[in-house]
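Welcome! Please open the structure in your viewer, and let's take a short walk through it together.

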Amino acid sequence: MNGVVIDVGALWPALFPLLGIIAVLVVDLVSPRLRQAPFAVAVVAAGFGAWTSLPGVLQEAGSSRSSFCVGQQGWFSSTAAPPYLTDSCFWQADSLASGLQLAASLAAVVCLLLAWPSTRTRADAAPGGGPMPPRSGHTREPVEAVLLLAALAGTVVLAASRDLGTWLVALELATLPVIALVALAGGRRSIVGAVQLLVTSLVSFALLVLGAALWFAATGSPFLSPDAAGGAAGSPVALDSAGSASLLALSVVFVVAGIGFKLSLVPFHAWTPTAYAGATLPVATFLATVSKIGALAALLVFLRAVAVLGTPGLVAIGVLSALSMTVGNLMALRQNDVVLLLAWSTVAQAGWVVLPLISVSPLGTRASAAYLLTYVAATLVAFAVVALTMRDAGVAGRSLVGYGGLWRRHPWRAGALGLALTSLAGLPPGIIGLVGKIVALRPVVSEGWVWLAVIAAANAVLGVAVYLRWLRPVVTSLDEASESVTVTSASEAALVAGGSPRGSRSPHNPPSLRVRRGALVAALVISAALLFVVSVQPDLLLGVLG
Amino acid sequence: MTLGATVMTLLLLVPLLSAVALLTLPSTSGGDRGIALGGSLVTAVLAVLVVTGSYRVDVSWIRSLGIRWHFAVDGLSAALVLLTALLTVAVVVHALSGPTPPGGSRSTYLGAILLVETGALATFLARDAVLFFIAFEVVLVPMWVLIRRFGDDHVGDDRRADAAGRFVLFTVFGSTLMLIGILLLVWYQGTSDLDTLAGLHGDGLSRPVQVTIAAVLLTGLAIKVPIWPLHTWLPSAHTIAPTAGSVLLAGVLLKMGTYGIVRLAVPAVPEGVAALSPALAILGATGIIWGGLACLVERDLKRLVAYSSVAHMGFVVLAIASGSDAGLQAALFGNVAHGVVSALLFFVVGDLKERWGSADLSVARAALRDKTPRLGVALVFGFAAALGLPGLVSFWGEFLALYAAWSPAPGRSVAVLRTCVVVGAVGIALAAAYSLRVLRIVWAGEGSDAATGDAANAVRDSAGPRWGVVVALIVAVVGLGVVPHLLLSISELDVVAVLGGAGR
Amino acid sequence: MIEVVRLVVLLPALAGLAGLLARRSAVAARAIAVGSAVVVSALALAVALAVSPMNTADIDSVGDLPLRNLSAPLHLLSDQLSSVVTLVVALVVLAIQVFTVWYLREDPRYAQFAATVSLFTAGMLLVVASADLALTLVGWEVMGWCSWLLIGHDSERRSARRAAHKAFLVTSVADIAMVVGLIALSVRARSTDLLDVLTVPMLPGADAVLTVGLICVVIGVAGKSGLVPFHDWLPDAMEGPTPASALIHAATMVAAGTYVIARLFPLYATDETARTVLAVLAAVTMVYAGLLAFAQTDLKRLLAYSTLSQVAIMLGALAAAPPEVGPVPAVSHLVGHAFFKALLFLGAGWLAALVGATALETLRGRARDRRALRLAMAIGLASLAGVPPLVGFFTKDTAIDAALEGATGSEGLRAWVVVVALFATTALTAAYCTRAWLLLDTPRPTPTLTPSAANDSFEVEHGGAPARSLTTSAFDDAMPATPLAVGEPGVLAAHGDHKPITLTASLSVFALAALTVFGTLLLMGLDGAVHVGLASAIVSLLLIAGGCFAAWSWSDRGRRDAAERLPSRLRAGAVVGFGADTAYARVGAGVTALARLVVVLDRDVVDASPRAPAVAARQLGRVGVRVHRAVPASALLGVVVGIVVVAVLGVTVWQ
Amino acid sequence: MHLQYPLALAALLAGIGVFGVLARRNAVLVLIGVELILNAANLILVTVGSQPDAPFAAGPVLTLFVITIAAAEVCVALAVILAMFRGLGHIDLTADPELTDNPADDPAADPADDPDYATTGDRDSPRNEVAS
C-alpha cells in the first residue's frame, strides 16, 4: 500500500497520557467534587504508559519500533525520492528512546503521587486556605493532573520523534504546561519563578526554532536522521559543502543552546532556582526529573543525527558541562534550603549528564542517558523525603537543620535519603551513582579529553562536599538532633512571624493540609526501591538503554 | 557456586550484613555487642580460611561495563587481609570494653567500624580495576561518620567538621583521579581484569601513554598513602578521630594506597612507574625527613604519631620506587609492619588521651614508668618499634627498603635512589630522636616534677580486654620482628608475578 | 656444639624476657639473672675449650630470609676469635651480675635492670657470634637500646635522663653511617652473609662502593666506641649505675666496634683510605682522651676517658697492623681491657657505695683503710697503666708491637702516626693512673677542704643546670651536665649507710682481679694474641716509669692532686670535655630550628595548596549568590551570551 | 542565489528580535522580540521550502507548525504576565523582585556560621594544633 504505515502498538506510551488527559477532563466534568479522582486516573494513565513502553525497552539493540513510516512510492509524483527519504519514519523508538520513555512515565507517576491531595472531596470554599487564592483552588487538581500528563506526553513523544515538526511540537508540549504549573502554585515566589522560566524558555525556544530552520536550510530534509545530515551537500541552498556544513554547525549550536536551557546548563540555568523555589514540591520534582529526561531525549535525537559529522564541534558541550558542574556545585554549597540545594545540584548534575556527549557516539549517548537516569532516580527519592519531612515538620523541612537526627527519628527515611545523597555524590553505598560517574567519565577519557576529566574529578569533590552538608545533620546523634530541632522550631517561628518571605508566603504552608501521607510513602517506597535495586545491580539500569 | 566462592562471598557479606544490622538496630537494644563481636570474629575466621585456601570468586556483575565480581587472594594481599580482619577484632574488643566516644550510640559506632572493614577487605581482594575503585570508595562514608560524629569532643565542632571533611574530600579527589587512570588503562588495554593487566605488563602501551597513566594513578593513590606533600589531611584526621578510627585509618586505610600502587600501577604500567620512580623516591625521602622533623616539635601525641606514619610510609614508597623484587617485598612488609605498630601506638595513645583528656605533651604529668607500668611498657615497645629497633617488626621493612633502594632495578637512576637511602638513614636517626623525646617526657617523666593537681597522680592502668589487645599486638610486633620469614615468604612468589622480570 | 653456640646467644635473651616477667619477686629475678649468666659462662667455656674450635660460619639461626635477589642466610659462626671473646664477655657479665645483686639490692627496679643487662649481653653475644651483617646490625642496635635503658635507670634524675638520651642519640646519629655502610657492603655481595661479603671478588682499581662502605662502618664504630667527635656521650653515660658502666665499658658495647672491624679486617686490609680514616680517628682519640682523663675530678669520669683511650688503642692496632698480623692483637687488648676495666669499675662502685660519692676530692684516701678494695684498685690501675706482668702490659704491648711491625713494614706513615700516639698514650695512662692511685691512697694532709666545699667550688665554676622547658626538642641539650653530679647520688642517697659488701660481690671483684693477673694465660689459647716485641716493651716500660714519676713528682709525693698543676681554666675545660657537649647541643638546636621551620612550612605552605581552592570556592559562591537574583532580564542576558559563546565555539572549532 | 536576500532579511529580523529581547524591559515587548526571532525562522523555512523538490512541502508545513506553537506560547505567556501584573504590580523584567528567594542572602542563614560549612573546605580555621 502506499502512504503512511501506522503501527499503533508503538504509539501507546504516548497515547496513554493523552487518553489520560481526556479521561481526567471527563471525570472532572462528571463529578467535580472528587479531588483524588483526577490523580487516580492520571497515575493509571502514566502507569500504562510506562507498561507499554516496556516492550520497546526489551527489544534487542539496533532494532526499533517505528510508526508513521513513509515508503518510497506515491509521495513523490514528480521526482524520485531523495536518498535520505527511503522508508524514514516520523516515530522511531529504539531501546534508548524507550528507556527514556519508561523512565519519564515512572517519574511522572512518582510526581503525581507526591501531588496527591489528602481530602477525598473538596471543601467548597477554603477561606484563607493558605496563600492559595480561593478562586484558583476550585479546579486545581484536574488542571494539575492534565498539565502533568500533557508535559509527560510531550516528553514521551520527544524521545521517539525523528522529524523537525514532531520534535518542535513535542518540545513545546513538554515545556509550556510546566510553566503553567509553576505559575499555578500561587504566591509571588511562584509568579517570579514562572516569569523567569517563561522568558528564558521563550527566548531559547525561539533560537531553537532558528536552529531547526537552519538545519532544514542546510540539509533540506525535515528528518533528523544521519543520512539527512550526511546528505547536507544536496541541500537546496547549499553554496558549497563547506557552507552547508557551517550552516549545519550553526544549527547544531543553536539547538544545543536551546536545549541547554531545558537541561538548565550554565549559562541558561538562571531560571532553575527561582522556578524550583516558586513551584510546589511535586512540580519542582517534575521539573527536576521528567523535564530533564525530555530535554536529554530531544538533545539525543538531534545529536545522533549529526553524529556522522564527527565530534570536534562539540567542544562547546565540554565547556558548558564544565561550567555547569562548577557553578552548580559552588552555588549549592551555599544553600541552606534543601529545595534550592537540589535546584543547584540539578545544574551541577546537568553538567555531568552532558559530559559524555562530547563524544557523539553510541557510547556517549548511552552513557549520558544512563547518568541522567541515575540522577533522576536519586533525585526522586530526595524529593520524596523532602515532601514527607515537610508534611511532618512544616517549613522546617525545607531547611537543612530540619533534618537533624533524622537517622534516629525515622531510620528508614534517613536511610533512603542517605542512599539518594550518596548516589548523587557518587559515593558508596550509592553504588549506582558511582557507576554513573564511571559511565560518564568513560567516553571522556576514551576521547582523550583528560583536562575535562580532571575538572570533572575536582567537581566530584565539590559535589561530595555539597551532599555531605546535607547528610551531616541526618546522621547527627539524638542530643544534637534535639537541639537542632529546637533551633528549627525557633527559626520556623521566626519565619512564620514574617522574618523571611519563605515561611509566610510559601505555597505549602502548612503543607500537611494538602498532601496525602500514604501517597507520599508510596512514592518514596517506589522510588527508593528502584534506586536500591539498581544500586545493587546497576546492570538493570544500564541494560535498559541497550 | 563452589565452596571457595561461597566462603569468599561470605567474607565480604558477614561484616556488611552485621554492619547493616548494627546500623538499623534501635540504640536501646543491647544486641550490638554480640553482633559486632560475632561478626568480626566470624570474619576473621573466614579471612584465615580464604587465605589458607586461596579461594576466589569470579562472576559477571555489570555486563554492560564488563565489570566482574572478581575477588581473590594472593601473596600481595594475604597479609593485608589478615591484618584487616584481626585488627578489626581488636578494635571491636577495644570498643566494647570501654566507653563509647560521645556523639552517638555504640551500635552506630560498631557498624561504621565493620563497614570500614568491609570496604578494606573488598579493596584488598578485588581483582577488577573498576571493582577495586568501587571498593576503595566504600570506606569513605563510614570513616567520615566515625570522625565527624565520634571524634574528639574536646575540640570545637568546626574542628571535627574540618578533619572529617578534609579526609573525605582529599580521598575522593584522589580516588577520582585514580578512576580516570583506571579508565584510561581499561580503554587502552581493553580489559579491567587486574590479572590480565598484570600479565600484559603494559605491552601495547606507548611510553608517553604509560607515563600519563602512571602519573594519574600515582597522584590519585599518593593522597591515600599519603605521600608528601599530599599528607596534610592525615594529622588532623588522626587527631580528631576516636581510637578505633585512628587505628583503622593508620592500620588499614593507609595500606590501601600503597597496596593500590603495587597492585595497580606497578604491574600494569611498569615503564611509566619506572620513569616516575625518581620523583617517587624523592617524595618518599622528603616525607621521611619531613615527618621526622615535624615529630621533633609536635606537641599533640596523636598528631605526632600521625606524622611518624607519614615518615614510615615514606620508606614504603622508597622501596616501591626501587622497583626491585626485594623492594616490593620490603614495601609489603613495611606496610604490614606499620599497620601493626601504628595500631599498637594508637591503642596506647588513645587510652592515654582518654585518661588524660588531652594528648598534649606540654602538660606536665606523672611519669608512666612505675605508676602505670602496663601502658608504659606498651608505649616503650611501640616507640621502640617506631624507631626501627632491630628485633621488632618495622626494622626489617626499613632495612630492606634501604637495601633495595641502594640496588634498584635496572633503568632507575642509581644516584637519586642512593641519595634517598642516605636521607632515609637520617630519617631513622630522626625517628630515634622523636621516639626518645616522647618516651623521655611521657615514660621517664621529664618535668613530671612540675605536674600539679590531677596531672600529678598516675592515671588508671590498662586492664582487661584492652590490655589483652595491647599484649597481642606487642607479641605480634616482637614475633614478626624475630621471625620476619612469616611475612616475607607469603609475598615472595607473587612479587615476581607483579614485576614479571621487570625487576632485578 | 652448634646448639651450644645458638644457646649462648639465645639464653641471655630468654633470661631477659623471663626476668621482665618475673619482676614481681626479687629473688626470682636474681636467680634468673645470675643463673643464666653462670650457664652462659659455662657454655662459653665449653666452646672455648673445645679442642679444635670449629671454624664454621654456617650455623643456622632463624633460617634464611625468603628474599628475591638478596640472600640473607642469617648465619652464626664460631671460631677461635669468637669463642674467646664470648668467654670473656660471659665471665665479665657474670661478675657484674653477681656484683649487681649487692649493689642494687634496695633498688625497686633491680629486676628490670638485671633483665636489661641480660638482654644487653644477648646483643653483644649476637654481634660476636654473627656471621651476617644483618645480625650484626641487630645486636648492635639492641645494645644501643639497652644502653639507653641502663644509663637512664634512675629516670627520676634529670641528669640520668639526659645522659641516656644523649648516649642513644649520638650513637644513632653515627649509626646512620653504620646502616649505610653495612648496606653498601652487602649490596656489593648481593648478600649479607659475612663470608660472601669478605670473599666478593675485588673490582680492578679503586672500588668506590667498598671504600664508602668501610668508611661508613668506621664512622658507625666511632659512634659506639666513642672516637672523636662522638666521644662525649661516654663520660655522661656514667650517670648509669656503676654495674651498667662496667658492662658498657668493659666488655660489650664500646668494645663491640673493635670486634666488628676485626671481623671485616680482610676488607680493611685492602683499602687504604678507610684505614687511614680509622688511624687518624684512633690516634687523636687515644691522646686526647688520655689528656682529659688526667684532668678529671671524678673517678668514674676518669675511668670513662681511660676507656676511650684504651678502645682507641685497639682500633689503632687495627688501623696499623699489617695484614699478616691481622686483627688478633686488637682483640687481645680488648680481652685484657675487659678484665681490668670491669675490675676498676666494680671497685670504683664498691668504693662509691661505701663513701657515697665518686668525686676524687671526696674519695681522697678512702681506699687506704680497706685492704681488699685497695688491692683490687691497685691491680686494676696497674694493669691499666700497663705494668708487667699484669694482662694490661701484655695486651697493650702486643698492640704496640703490631703497630710497630706495620710501621716498619708495609703500612708506612699511617702506622707511624699510630705508633707515636700509642707511646704518648702509654705515658699518659701511666700518669693518670698514678695520679688516681695517689689520690685514692694518700689521705688529705690538711683536712680543711670538705668534699662538699670542693663540690661547691666546682659548682660555682660551671654553674648548675637550669630547668629546661618540656617542649624542647630531643636534641636540645643546651646545658652541659654538671660533671660532678655523676656517681648516681640518687641511688647512694637511697641507701646512704650501705650494707657492707656481701661475700659473693667481693668474690666477683676478686675473680676479676685474678683474671687481670692471670688473664694472659687465657689469651695464650689465641695464637698471636700475646706477642711482646723487645723494643716496644722496653720503650713502653720507660714511658710508663716516666709517666708515673711525673705524676708522683707533680703531686709532691701524693700530698696534692697532680692535676692541680694544670692551669685552672684548662682543667675546668677538661672537666667538661672542652664544651663538646655544648657543640652537640648546638647541633641539636639547629635541627630543632629546622623542625620548627618544617612545621611552619607544613601549615602555611604545603597545607595552603589544598586550603586555597576551598577559600576560593567560598568566595566564588558569595559572588555567585550576588549574581543570581531573580531578575528575569539577567537570565535572558545569560541565555543570549551563552548562545553567542556556544555559536562561536561551535562554528570555529568545527572545521 | 536569489535565496540569499530572504535569508539576509531573516538574519536581520533575528538580530532585531535578539536586540529587543535584551533591550526591552517590558515583558510584552520582550515577547514581541521573541516573535520576531520566530518569524525569522519562519522566513528561512518558507524560503528553503520553496524549492521544488522539497518533500511533503516541508517548509510551509513547518512554518504552520511554528506559527501554531507561537500562538500557544503567547497564550501561556500573556497569562503569566497577567499574573505577574496582579502579583507584583508591574511587568518590568529588569526589576529586582522585592522578595528574594535566596536564603544565602539574608544574614540569618549565612553558611559561614553553619559549623559544617567547614566540610566545604573551609580549612583555614584550625591551625592551632600545630606545635609552635
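A residue is called buried if 20 or more other C-beta atoms lie within 10 Å of its own. Keep in mind that you are looking at a predicted model.

**Stop 1: chain B as a whole.** Select chain B and hide the rest. By that definition, 72% of its 504 residues count as buried. Colour by secondary structure to find 20 helices and two strands.

**Stop 2: a pair of helices.** Now select residues 325-356 of chain B, helix H14, and residues 464-482 of chain B, helix H19. Their axes come within 10 Å and cross at roughly 150 degrees, which means that H14(B) is roughly antiparallel to H19(B). The crossing is left-handed. Show side chains where they meet: H14(B) brings residues including Leu344(B) and Phe347(B), and H19(B) brings residues including Leu473(B) and Ile474(B). Which classes of residue make up the contact of H14(B) with H19(B)? There are 14 nonpolar residues, no polar ones and two charged ones.

**Stop 3: where chain C touches chain B.** Bring chain C back into view. Here 45 residues of chain C are in contact with 52 residues of chain B. On the chain C side, look for helices H5 (133-151), H6 (158-189) and H25 (580-606), which each give two or more residues. H6(C) gives the most, with 13 residues. Coloured by class, this side of chain C shows 29 nonpolar, ten polar and six charged residues.

How values were computed:
Residues numbered from 1 in each chain as written. Chains lettered and ligands numbered in written order. Predicted model: local features only at pLDDT ≥ 70, side-chain atom pairs only at ≥ 80, totals over all residues. Axes fitted to C-alpha atoms, helices over the stretch in contact; angles between N-to-C directions. Helix = DSSP H or I, 4+ residues; strand = E, 2+ residues; numbered from the N terminus. Parallel < 35°, antiparallel > 145°, perpendicular 65-115°, else oblique. Left-handed = near helix turned anticlockwise from the far one by under 90°. Contact = placed C-beta atoms within 7 Å. Nonpolar A, V, L, I, M, F, W, Y, C, P; charged D, E, K, R; others polar. Buried ≥ 20, exposed ≤ 12 C-beta atoms within 10 Å, placed from the backbone.
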